[in-house]
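Please examine the structure shown below. The paragraphs that follow lead through its charged pairs, one of its helices and the relation between its chains.

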2 protein chains.
Amino acid sequence: MTAQLQLANVRNELIRLEETIIFGMIERSQFRRNDPLYKPGAFGDALGEESLMDFLLHESERTYAKVRRYTSPDEHPFFADLPAPLLPSLQYENNPLVPNTINHNERIRQVYVEELVPLICLPGDDMQYGSSAVADVLLLQAISKRVHYGKFVAECKYRSGPAAFDEAIRQHDAGRLFALITLPDVEEKVLERVSNKTRLYTSELDALPDAAFVTPEKASRVYSDWIMPLNKEIQVEYLLLRRA
Amino acid sequence: MTAQLQLANVRNELIRLEETIIFGMIERSQFRRNDPLYKPGAFGDALGEESLMDFLLHESERTYAKVRRYTSPDEHPFFADLPAPLLPSLQYENNPLVPNTINHNERIRQVYVEELVPLICLPGDDMQYGSSAVADVLLLQAISKRVHYGKFVAECKYRSGPAAFDEAIRQHDAGRLFALITLPDVEEKVLERVSNKTRLYTSELDALPDAAFVTPEKASRVYSDWIMPLNKEIQVEYLLLRRA
């Protein structure tokens, strides 16, 4: 079992993903929105029915599938039709999660294209389609990982006091589970940290007009409005699946 | 022509790449050296003659080639046998560079595997082959971009005072060109900035034993010992090609 999947390391992994996500946003924000990226058929027949972003994401996942990325319980593909791993399977013997197939990537992609890109990118088109789509893929994959880490977070919370959870699970009480997993102080701290890190990481870039489009406020909004709610949805869904 | 390729934006682009490289190193350093990644055949026949890292790098470049990444004068592939772009060619009408085929990626890959990975990763094997190789590919591509930006840097320096360069170019005097492009004050500032940024970006990670393996000293050594000398080599080579 890998250190990354041990419950003791969940917090560290979440902190590390903040860097990846903040930098991913800064990277993407240097390009315009470039709407054609997200429109199937915008680049002719060569990409089939897929948008350019989906095409790149799909190709990336095909590659990653071959090196067994999606056999790890902390990775979730956006596409279902991926090739089998070329490498022999790793044993995730001590996978702390209960078996589940929760995957909210469709929703994540929608929120990404419809909300996040318009928030962090200037409107318009700069023809930087390849570079923008590469940045999209990296950022989407990081956000997907962060959101689906809810499974590990939920398992941690469950193990720290199973009794209250067991009752809510038996009663299939999603509202109660939502209340149990909600820790306002912790959420406040995450938002503050994300905001501070963004201020720090963009300070050197202040001289760059195009790159200053990710502000501390926007980064913390991405967390408060999308990443954290989607993460909590997954926590509740995971707990409902958990046999009490 | 894209803003990224305008000479006025070269400095900004170099600064932005520092973030990508520092974060790439932090990301890679969370995993062990994982030497089998770099050994052809270490994972059986499935990857052909390629090492796992090369396999992933090759696949990544095949994908990127399809979205015409390598038609841009600031991108350089590691592999020559890439598919043709699926997208129609972009016009790089105002490409400021003279035509050239300078590509030092073979050397960059060698330095990366033999020097950089041992510097920033703890020895040993943690079986995190897929994740490590993904981090390798992203970091290698960022370093390659940074090093090959030497072409743009050289062009800037040339245009700021062509007379001295023209004479050295006519005489094919690489030593003189090297002296002309060397700006010790600027280099000192870059190293200081890289060191400061690394201190900043790892401060939140101090609690993480595995992730603290990229120190400000190591990051600035990566720049002073490898990135900057390779970049300067390319500057000289580019200028020698430049018709005086």
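A:Lys145 and A:Asp74 are joined through their side chains by a salt bridge, with N and O 3.7 Å apart; a salt bridge here is a side-chain nitrogen of Lys or Arg within 4 Å of a carboxyl oxygen of Asp or Glu. The pair connects distant parts of the chain, 71 residues apart: A:Lys145 lies in helix H4 of chain A, and A:Asp74 in the loop between helix H2 (52–66) and helix H3 (105–120) of chain A. Helices (H or I, at least four residues) are DSSP runs, numbered from the N terminus. A:Lys145 counts as buried at 15% relative accessibility, and A:Asp74 counts as buried at 7%, where buried means under 20% relative accessible area (1.4 Å probe, protein chains only).

The model is predicted: local features need pLDDT of at least 70 and side-chain atom pairs count only at pLDDT 80 or more, while totals for chains, interfaces and linings use all residues. Residues are numbered from 1 along each chain as its sequence is written, chains are lettered from A and ligands numbered from 1 in the order in which they are written, and side-chain values use heavy atoms, with hydrogens and water left out.

Over all chains, the structure holds 32 salt bridges. In one of them, A:Asp136 pairs with A:Arg28, the closest N and O atoms being 2.9 Å apart. This pair also links distant parts of the chain, with A:Asp136 in helix H4 and A:Arg28 in helix H1 of chain A, 108 residues apart. A:Asp136 is buried at 0% relative accessibility, and A:Arg28 is buried at 0%.

Helix H5 (residues 150–159) of chain A has eight of its ten residues buried, so it is largely enclosed by the rest of the structure. Among these buried residues are A:Phe152, A:Val153, A:Glu155 and A:Tyr158. Their cover includes helix H1 (10–29), helix H4 (129–148) and helix H9 (216–241) of chain A.

In chain B, the side chains of B:Arg242 and B:Glu155 form a salt bridge (2.9 Å, N to O). B:Arg242 belongs to the segment after helix H9 (216–241) of chain B, and B:Glu155 to helix H5 (residues 150–160) of chain B, 87 residues apart. B:Glu155 is buried, with a relative accessible area of 0%.

How are the two chains related?

Note on methods: Buried < 20%, exposed > 50% of the residue type's maximum accessible area, 1.4 Å probe, protein only. Helix = DSSP H or I, 4+ residues; strand = E, 2+ residues; numbered from the N terminus. Contact = heavy atoms within 4.5 Å.
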